[in-house]
Amino acid sequence: MEIKTSRFTPFILPAVVLVSLIVLPLFNVPQAWLLYMFYFFVFLTAANMWNLLAGYSGLLALCPAAFIGLGGYIMTILTWVEIPYYFGIIIGGLAAAIFAGIISISVFRMKGIYFAIGTLVVPAILRLLFLRWRPVGGDFQGGGAGYMIKGVSSIPPQVSYWIGLAIGLFSVILVYIILRSKFGLGLAAIRDNDVSAASSGVNVFKLKLFSFIIAAFVMGLAGAVFYTYQGYIEPNSAFDINWLMIVLLATVMGGIGIEWGPLLGTIIVVFLHFQLARYASMSLLIQGFILVIIMLVAPQGLLGLLRDQRKARSIRKSI
């Protein structure tokens, strides 16, 4: 007997998962669960955008900390001039996007490893700038331009959770739509061979620039949301290289250039983040070691490894 399936069948499981995530805080779950999930949503947002850049656009941008930190700082500055944090989150994302457009004038002149190095120094420049600049009045809190964020201390953990869920879901839907659009087809051509794509009429520069600005906007949102939860921001953490390690680990472990790769990778990264917190001085070294091992054992990531094994089994069965 043939079982008929509706065209909506593939969406049933994601819908059930989404509804479950939305109502989770309504039950008396431990606060630690909400914290872990909040970190997962923020890290997933950043990893999805870096996968869009490195995995699909061929842009090895090593500056996610610049967009995340800038989004967080703009939101913070706006709260000090009496603008609510929820407006600051959006404006922080827009500021990161504008900043990406400005620096693209310089970094897009570079190619390959030079582009990567050029973007790597951007967060360091911003960190030095904010260490010496007092954006708004008042005394510094801690080192450099460190500020408490106004108006966020009363935000319940449940609300922070839902805001994190919103940006995480937004990043997933955004990538889903992009990859199935004409824009996504152009990115696929660029990823395979940008020279061939250009000769086929694809505007390589335009698509890469749009990807860069879109990723910066969403990473800026993620940074602003993250620091509303933290309640405090300072340059050394906002523009820390650890943000780069987070997106690298999540994307490479899950599978770079694979749509669901960052999802799996982020689960592992959140686990490592909290487990390695007790080894703060060695955390980056341990993460780097894990990254190297994954790249050697599974260059396509864990999902890529599973995909290759599945192909190999199907080939053996067909012989």
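Biologist: What should I know before reading any values?

Modeller: The model is predicted, local features need pLDDT of at least 70, side-chain atom pairs count only at pLDDT 80 or more, and totals for chains, interfaces and linings use all residues. Residues are numbered from 1 along each chain as its sequence is written, and side-chain values use heavy atoms, with hydrogens and water left out.

Biologist: How much space lies in the largest pocket?

Modeller: Rolling a probe the size of a water molecule over the atoms shows where empty space is left. A pocket is an open set of points on a 1 Å grid over the protein atoms alone, where a 1.4 Å probe fits, with protein on both sides within 12 Å along at least five of seven lines; lining residues have an atom within 4 Å of a point. Here the largest pocket holds about 690 Å³, the volume being the space filled by probe spheres set on the points, which are joined across faces, edges and corners. Of its 23 lining residues, Pro14, Leu18, Leu169, Val172 and Trp260 are the closest to the centre.

Biologist: Which helix supplies the largest share of that lining?

Modeller: A helix is a DSSP run of H or I, at least four residues, numbered from the N terminus. Helix 6 gives the largest share, seven residues. By class, the lining has 21 nonpolar residues, one polar and one charged; Ala, Val, Leu, Ile, Met, Phe, Trp, Tyr, Cys and Pro count as nonpolar, Asp, Glu, Lys and Arg as charged, and the others, Gly among them, as polar.

Biologist: What are the volume and classes of the second largest pocket?

Modeller: The second largest pocket has about 370 Å³ of space. Gly58, Leu59, Gly112, Phe115 and Lys208 are the closest to its centre among 14 lining residues. Nine of the lining residues are nonpolar, two polar and three charged. Helix 9 (residues 204–230) supplies the largest share, three residues.

Biologist: Where is Thr76, and what does its side chain reach?

Modeller: Thr76 is in helix 3 (residues 64–80) and is buried, at 1% relative accessible area. Its side chain reaches the backbone oxygen of Gly72 at 2.8 Å.

How values were computed
Helix = DSSP H or I, 4+ residues; strand = E, 2+ residues; numbered from the N terminus. Buried < 20%, exposed > 50% of the residue type's maximum accessible area, 1.4 Å probe, protein only. Polar contact = N/O pair within 3.5 Å; in protein donor to acceptor, adjacent residues only side chain to side chain.
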